[in-house]
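The entries follow in the order in which I made them.

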Amino acid sequence: MTMSTHRLAERTIPRDSGWDVIVAGGGPAGCAAATAAAREGARTLLLEATSALGGMGTSGLVPWFCGYSDGKRVIARGLAEHVRRTCIEQTPHLRRLPESHGLRRSPSIDPELLKRIYDDMVTEAGATVRFNTQVCAVEMADASTVDAVIAAGKAGLSAFSAGVYVDCTGDADVATWAGADVQKGDEKGNLQPATHCFIIGNVDEYALRTGPQVHFYDPESPIHKAVRSEKYPFIIELHSCNREIGPGTYGFNTGHVFDVDNTDPVTVSEALIHGRRMAAQYRDALAEFLPAYANSFLVATGSLLGIRETRRILGNYVLTIDDYHARRSFPDEICRNAYGIDVHSSKENALAASRMTLDQIKERNRKQVRSYKPGESMGVPYRCLTSPALSNVLVAGRAISTDRQTNGSVRIMACCINTGEAAGIAAARAAADGQVHNVDTDALRARLLEKGAYLP
């Protein structure tokens with residue numbers, strides 16, 4: 001494909017400057033940031049590219065929350081705890097479980113329910129949501145200060161300005177366009193594969209309880225048979241996880257889509273087509289090899305790809321694998337995190353794993369990282385949310401400042417909600433002077449504690 005350049009004609013577009021805080025991206029981090037900022041009294045606008053809040057848990061169909069617990073207690077609290085508890089209270093099969101049950105600590109996700117939970121959380125706090133509005137550029141007042149974000153929608157291009165901007169795009173779009181230093185993937189630029197999540201309905205639950213399981217750790221899993229079968233050319237490796245999200249209905253975080261970069265719309269477009277074909281083959285393979293799925297049907301595929309990795313800012317502090325191993329605490333930490341290092345392999349490694357025995361796979365996984373013991377966690381400092389190059393931009397969610405391995409831990413949704421809540425409070429406090437580096441982190445931590453955060 002040949003690309004050239006085009007100079008835009010000078011034009012005047014509408015400018016909306018009635019905001020203290022603008023949040024770009026309405027995933028878990030963005031919903032928390034907008035809620036927290038508005039709750040602090042800031043005039044807050046949330047710009048979301050799709051027609052629903054929630055990102056990976058709703059439009060992406062990721063079927064459950066990860067990272068809420070340290071093995072002893074729930075540590076993702078504050079707004080994250082509000083989301084978790086509301087999910088449980090309004091999901092009958094979770095509500096019936098005892099409080100100590102693992103499925104209550106990492107609940108399944110009914111995507112339609114979760115959309116409403118985020119809608120209510122954000123709007124009841126007083127934030128304004130603008131759907132189908134894609135942030136596509138920034139305008140700078142000077143080298144370190146964002147003057148406005150440019151967004152595209154059905155009304156054309158518009159400019160939106162505020163005192164502080166919170167980048168919750170997942171890809172650090174706003175920070176990157178504003179001039180922040182970023183890293184992307186590994187040292188060669190390789191990215192983790194995506195997953196195109198999907199939902200299968202009309203599953204025979206009794207047959208599923210009494211027969212083989214879908215997860216590849218079960219030696220009788222149909223995934224092993226599907227990989228070996230020539231009938232399903234899109235099923236080439238073993239990654240397979242699923243969770244009950246309703247009666248006879250299961251959400252699947254299964255299969256990898258390789259060679260996709262969420263900042264490159266060409267690869268994303270190709271991956272979505274590939275992922276839909278792959279999901280159909282998984283349904284057919286399950287129906288062939290697992291009696292519980294004989295009469296099942298493919299309900300939906302995600303309207304967003306499950307993206308694990310793109311850009312990470314190089315912030316005022318880079319959280320590293322050494323910090324993870326040390327279970328390190330920080331004077332400015334704004335949450336704790338205990339999720340494992342979850343960096344998905346390249347296509348070559350995934351194909352190699354499909355030829356390994358289950359014991360070999362388990363031993364390889366055990367050696368990859370020293371797992372936390374129950375009750376252990378690490379801190380995430382406020383400095384991971386700030387770029388030294390930008391005075392009025394905060395970053396929350398999976399694009400915060402970490403090395404690649406540690407990003408595999410903090411990128412999960414529970415931690416994203418926590419970093420979003422902290423960013424929202426900080427943004428509200430910095431809105432008057434536009435200086436996110438001057439936020440009093442002791443006062444920020446005190447406010448987070450007032451709102452239920454876990455900061456031991």
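Which residues of α2 are buried? I worked from a predicted model, and there I found Leu 79, Ala 80, Glu 81, Val 83, Arg 84, Thr 86, Cys 87 and Ile 88 to be the buried residues of α2. Eight of the 11 residues of this helix are buried, so α2 is largely enclosed by the rest of the structure. I then looked up the packing partners: the buried residues of α2 pack against α1 (28-39), α3 (92-95), α4 (102-105), α5 (111-125) and α14 (413-430).

A polar atom of the Tyr 68 side chain lies 2.5 Å from the backbone oxygen of Ala 80. I also checked Cys 415, which is 347 residues from Tyr 68 along the chain; the two C-alpha atoms are separated by 7.8 Å.

My last entry concerns a strand pair. Strands β15 (residues 333-337) and β16 run antiparallel and are joined by four bridges. Met 378 of β16 is the bridge partner of Asn 337. From β16 (residues 378-381), I saw Met 378 and Val 380 point one way and Gly 379 and Pro 381 the other, all of them buried. In a regular strand, side chains alternate between the two faces of the sheet.

Conventions. Residues are numbered from 1 along each chain as its sequence is written. This is a predicted model: local features need pLDDT of at least 70, side-chain atom pairs count only at pLDDT 80 or more; totals for chains, interfaces and linings use all residues. Side-chain values use heavy atoms; hydrogens and water are left out. A polar contact is a pair of N or O atoms within 3.5 Å; within protein, one must be able to donate a hydrogen and the other to accept it, and residues adjacent in sequence count only if both atoms are side-chain atoms. Buried means under 20% relative accessible area, exposed over 50%, partly exposed in between (1.4 Å probe, protein chains only). Helices (H or I, at least four residues) and strands (E, at least two) are DSSP runs, numbered from the N terminus. Two strands pair if DSSP finds at least two bridges between them. Contact means heavy atoms within 4.5 Å.
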